Amino acid sequence: VGTQIESANTLQYRVGYAVNPRMMIGFERANWFKDFGGYSWKFNTSLMSATFYPGAGHLFVRGGAGISSMTEEIPTTAPFFVEFADRGFGLEGAVGYEWKVLKRVAIAPELAIRAMTFGEEVGARMSSASVAFNWWF
């Protein structure tokens, strides 16, 4: 089994509920997708997560677990394609910092890593450095 590193577009969203000033529980989804000529790869994670704010401050640490999926589309005779898909288990770990810019809006840079497994020999990792825009209502 070989190892290959690829960069690609990622889309992520999260919704959550603040249980108290130190803890938020939520659901999040991350999507990684890339086209290689006619081929297409997609990796996704759908996770339940917990975000901890030590000392009820701006620094946060997040962990999550849930379902991951992998899809590969291979072209055949146009406009048709063959699709291979698999589901597995996903984990996430992240660390970041929130800066309040308005009463209910913050900017939050974060570093995250997600690990996905599909069967015994297939797995993937997504590492990301991102900036989130958080809104409380």
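This is a short chat about a predicted model of one protein.

Reader: What should I know about the model and the numbering?

Author: The model is predicted, so local features need pLDDT of at least 70, side-chain atom pairs count only at pLDDT 80 or more, and totals for chains, interfaces and linings use all residues. Residues are numbered from 1 along each chain as its sequence is written, and side-chain values use heavy atoms, with hydrogens and water left out.

Reader: How many helices and strands are there?

Author: Zero helices and eight strands. Helices (H or I, at least four residues) and strands (E, at least two) are DSSP runs, numbered from the N terminus.

Reader: What box do the C-alpha atoms fill?

Author: Roughly 55 × 30 × 25 Å, along the principal axes.

Reader: And what share of the residues is buried?

Author: Of 137 residues, 28% are buried. Buried means under 20% relative accessible area, exposed over 50%, and partly exposed in between, with a 1.4 Å probe and protein chains only.

Reader: Which strands does β4 pair with?

Author: Strand β3 (residues 39–52) pairs with β4 (residues 59–75) in the antiparallel sense over 13 bridges. β4 also pairs with β5 (residues 81–97), again antiparallel, over 17 bridges. Two strands pair if DSSP finds at least two bridges between them.

Reader: What sits across from N44 and G63?

Author: N44 stands opposite S69 in β4. For G63, the bridge partner is G93 in β5.

Reader: How many residues lie between the strands in the hairpins?

Author: The β3 and β4 hairpin has six residues between the strands, and G55 there takes a positive phi near 65 degrees. The hairpin of β4 and β5 has five residues between them.

Reader: Switching to R62. Where is it, and is it buried or exposed?

Author: R62 is in strand β4. R62 counts as buried because its relative accessibility is 5%.

Reader: Which side chains make polar contacts with R62?

Author: The side chain of R62 has a polar contact of 3.3 Å with that of E28 and one of 3.0 Å with that of T51. A polar contact is a pair of N or O atoms within 3.5 Å; within protein, one must be able to donate a hydrogen and the other to accept it, and residues adjacent in sequence count only if both atoms are side-chain atoms.

Reader: What else does R62 touch?

Author: Leaving out residues up to four places away in sequence, R62 touches residues including R14, S49, A50, E92, G93, A94 and E110. Contact means heavy atoms within 4.5 Å.
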